[in-house]
Amino acid sequence: MKSIAVLTSGGDAPGMNAAVRAVTRSALDHGMTVHGVRQGWQGMVDGSFRQLSARDVGGIIQVGGTFLGSARCAEFREESGRSKALRHLNQRGIDGLVVIGGNGSQTGSFKFSEMGVPVVGIASTIDNDLLGSDITIGVDTAINVTLEAIDHLRTTGSSHNRAFLVETMGRDCGYIAIMAGLAGGAEVISIPEAEVSAADIAARLHAAYERGKTHAIVVIAEGVKESARKILSYFEAEARKTGFELRTTVLGHVVRGAPPTAFDRILGTRLGYGAVQALADGDTGVLVGWQKNVVTRVPLRDVVGQTKPVDTALLDLARVLAK
Ligand code: F6P
């Protein structure tokens, strides 16, 4: 393999830059030419490429987001868009592609690999819902940002005898909410996989108040049906029954934009290096991920279109420890 391209696609994730840096420098080490694609699959369709040197990827390992840019590209979902993208690759003599992204992005990788392009995916999404990797690039940072917010809210909650409802990201997956809730000692965690109703949240907060707690934290994942707004309006009607006043904080994209933690930088670095190894070995059509403490390769066809379940037993653990 002589010339490869690398792109970041879908929602950006802290640690993507570390992965691009690792892909670029590992490929240069193999004597390959490296092209960065701007704005994910959109750049492939539009032919927006830029050759990368070792210096071009300097000073980015500590920066959140992705310096290549990212996008959600409707055009690439159509066959005509993918054919355009293929023409751009062929015109430049690019014979390998690394795609750093989550579920939607890796569905694109799989479709492209079925057209004969040697593609290797790297598991990267803050949602951690991708099958084929125990953990994905970006989720550790997202958990830590959520946790920092919880810690701050607990401090002010204690001063005012308040309960705080913190909504974090994760699309339809409750992983960030469970992990940040456990680490932050939350009284209640509500996730799409195991929703807690507003009435149950109120009952659990009331019980916490009766046990003498001076604050309470409720973490909810963005994908729940009983949204922060709905829960708040329930509380406004029933406030006296819980003992606490309730305030809400919706974290939104704040969760996604932080500088990557050491874990995400190292994960991005190891998966980036592993992806180039896979290309060099001719082992393509695979997702490079992290399972049981090693870099792994799993066929894309076995992971795309599915989601990894969260361990809902952890919710019992959180409930027991919230005494
Ligand atoms: O997939 C990552 C993610 O941040 C989800 O947690 C969230 O639901 C979604 O992307 C938000 O997408 P956008 O940035 O397009 O609003």
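This is a predicted model: local features need pLDDT of at least 70, side-chain atom pairs count only at pLDDT 80 or more; totals for chains, interfaces and linings use all residues.
Let us begin with Asp-127 and Arg-171, whose side chains form a salt bridge with an N to O distance of 3.9 Å. These partners are 44 residues apart, and the pair links distant parts of the chain, since Asp-127 sits in the loop between strand E5 and helix H5, while Arg-171 sits in the loop between strand E6 and helix H6. Is Asp-127 buried or exposed? Its relative accessibility is 10%, and because buried means under 20%, Asp-127 counts as buried. Arg-171, on the other hand, has a relative accessible area of 40% and is therefore partly exposed.

The next pair is Arg-297 with Asp-283, where the salt bridge has an N to O distance of 3.0 Å. Here, too, the pair links distant parts of the chain, with Arg-297 in strand E11 and Asp-283 in the loop between H9 and strand E10, 14 residues apart. Arg-297 is partly exposed, at a relative accessible area of 33%, and Asp-283 is partly exposed as well, at 27%.

Arg-319 and Asp-316 meet in a salt bridge at 3.8 Å, N to O, and both belong to helix H10, three residues apart, which is about one turn of the helix. Arg-319 has 38% relative accessibility and counts as partly exposed, as does Asp-316 with 43%.

Which residues are linked in a network of salt bridges? They are Arg-162, Glu-245 and Arg-247.

Helix H1, residues 16-29, packs with helix H9, residues 262-281, at an angle of about 35°, and their axes are 7 Å apart. The crossing of H1 past H9 is right-handed. On the H1 side, the residues in contact include Ala-18, Ala-22 and Val-23, and on the H9 side they include Gly-268, Gly-272 and Val-276. Sorted by class, this contact comprises seven nonpolar, four polar and one charged residues.

How values were computed
Residues are numbered from 1 along each chain as its sequence is written. Side-chain values use heavy atoms; hydrogens and water are left out. Axes are lines fitted to C-alpha atoms, for helices over the stretch in contact, and angles run from 0 to 180 degrees between N-to-C directions. Helices (H or I, at least four residues) and strands (E, at least two) are DSSP runs, numbered from the N terminus. A crossing is left-handed if the near helix is turned anticlockwise from the far one by less than a right angle, and right-handed if clockwise. Contact means heavy atoms within 4.5 Å. Ala, Val, Leu, Ile, Met, Phe, Trp, Tyr, Cys and Pro count as nonpolar, Asp, Glu, Lys and Arg as charged, and the others, Gly among them, as polar. A salt bridge is a side-chain nitrogen of Lys or Arg within 4 Å of a carboxyl oxygen of Asp or Glu. Buried means under 20% relative accessible area, exposed over 50%, partly exposed in between (1.4 Å probe, protein chains only).
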